[in-house]
Amino acid sequence: MTPVMPADTIDLDEVALLLDIDGTLLDFAPTPREVWVPPSLRQTLNGLLARTGGALALVSGRSLADLDLLFAPLELPAIGGHGAELRVAPGQRSDPDRTPALDPMVKRKLASVAEIGPGVLLEDKGYSLALHYRLAPDKGDEVKAMVTAICESFPEFPLEALPGKSVVEVKPAAFDKATAVAELMQLPPFAGRRPIFVGDDVTDERVFPILPPLRGIGFSVGHRAADADGCFDRPADVRAWLDGLLERQAVG
Ligand SMILES: O=P(O)(O)OC[C@H]1O[C@H](O[C@H]2O[C@H](CO)[C@@H](O)[C@H](O)[C@H]2O)[C@H](O)[C@@H](O)[C@@H]1O
Ligand SMILES: [Mg+2]
């Protein structure tokens, strides 16, 4: 692991913590529903939310409803659906008109991809649709090819097939995590703070290049991404670093 910014060099009065979920805060599980959220992580995130004056946000491909189920009773500030949803303060609702639902015809076509065999799972977020193949890794290439062909067959809809970890997700092309982080960082209490972003996936790698103009820094997980300032080996290391950040600031 490339050494990550030591906890005692971070002033929680000056930073905004922006944290990806799957593969960053949480270990991967066979299916989206099977992830485990350690109770201590909820406490740490809640503590850091308070210590940063509310400038902590989850930045996820998951929907806000899904994040709230996972982290209940917390309803943390969050970017959901790779930027489709935005919640700036705990408990707020994302504007339902922010991202329209995918066209029903596109959804039906994409849903049919899950019929190619057992283990290909469909996750419908309304504004986007994910096809998971973690349980059928041999079907990955076929899933990706079918999804790409379907997207190309609807040129009237600007869609993006976003590859992830054993998943390909179709969403409107107009936004991604980078556009949503840029938007969030203009809003209080995030505005004016230095973003510290941690993420593990291709979609997270789009965020790293927008950080320097915001005086921010980024860390990848599992591998050193090209534009990252350092990396963690695994989610357990990210969780331990966050614990240390809270403990250190409580003492300091
Ligand atoms: O941006 P993230 O917070 O990292 O979310 C990315 C996707 O995570 C989920 O899928 C991934 O995690 C599952 C649970 O470990 C795993 O089974 C799956 O193979 C991974 O792709 C989630 O289901 C997606 O909606 C997110 O986009
Ligand atoms: Mg992730």
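Predicted model: local features only at pLDDT ≥ 70, side-chain atom pairs only at ≥ 80, totals over all residues.
Phe 28 touches Asp 22, Gly 23 and Lys 165, leaving aside residues up to four places away in sequence; two residues are in contact if their C-beta atoms, placed from the backbone, lie within 7 Å. Between Phe 28 and Lys 165 there are 137 residues along the chain, yet their C-alpha atoms are separated by 9.2 Å. Phe 28 belongs to the loop between β1 and α1 (39–51). Helices (H or I, at least four residues) and strands (E, at least two) are DSSP runs, numbered from the N terminus.

Is Phe 28 exposed, partly exposed or buried? Phe 28 counts as partly exposed because it has 14 C-beta neighbours inside 10 Å. A residue is called buried if 20 or more other C-beta atoms lie within 10 Å of its own, exposed if 12 or fewer, and partly exposed in between.

Residues are numbered from 1 along each chain as its sequence is written, and chains are lettered from A and ligands numbered from 1 in the order in which they are written.

Let us turn to the core. The largest nonpolar core has 64 residues, and those that touch the most other members are Leu 17, Leu 18, Ala 57, Leu 131, Val 147 and Val 181. Such a core is a set of buried Ala, Val, Leu, Ile, Met, Phe, Trp, Tyr and Cys residues joined through C-beta atoms within 7 Å. Strand β1 (residues 15–19) gives the largest share, five residues. Both domain 1 (7–97 + 175–251) and domain 2 (104–172) contribute residues, so this core lies between them; the domain bounds come from an automatic or database domain assignment. In soluble globular proteins, nonpolar side chains tend to be buried together. As for Ala 57, its contacts beyond four places in sequence are Leu 18, Leu 76, Pro 77, Ala 78, Ile 79 and Leu 184.

Next, helix α2 (residues 64–71). Which of its residues are buried? They are Leu 64, Leu 67 and Leu 70. These residues cover an arc of only 120° around the axis, which puts them on the same side of α2; the arc is that of the directions from the helix axis to the C-beta atoms. The buried residues of α2 pack against β2 (56–59), β3 (78–80) and β4 (85–87).

Now a sheet. Four strands form an open sheet in the order β5-β6-β8-β7, with antiparallel pairing; two strands pair if DSSP finds at least two bridges between them. Its edge strands, β5 (121–124) and β7 (159–164), each pair on one side only. Strand β5 is joined to β6 (residues 129–132) by four bridges, and Asp 124 stands opposite Leu 129 in β6.

Finally, the backbone. Most residues other than glycine have a negative phi, and most peptide bonds are trans. Here a cis peptide bond joins Ala 72 and Pro 73, with omega about 10°, and another joins Pro 188 and Pro 189, with omega about 5°. Pro 73 is in the loop between α2 and β3. Ser 166, in the loop between β7 and β8 (167–172), has a positive phi near 60°. Arg 215 also has a positive phi, of about 60°, and counts as exposed because it has 12 C-beta neighbours inside 10 Å.
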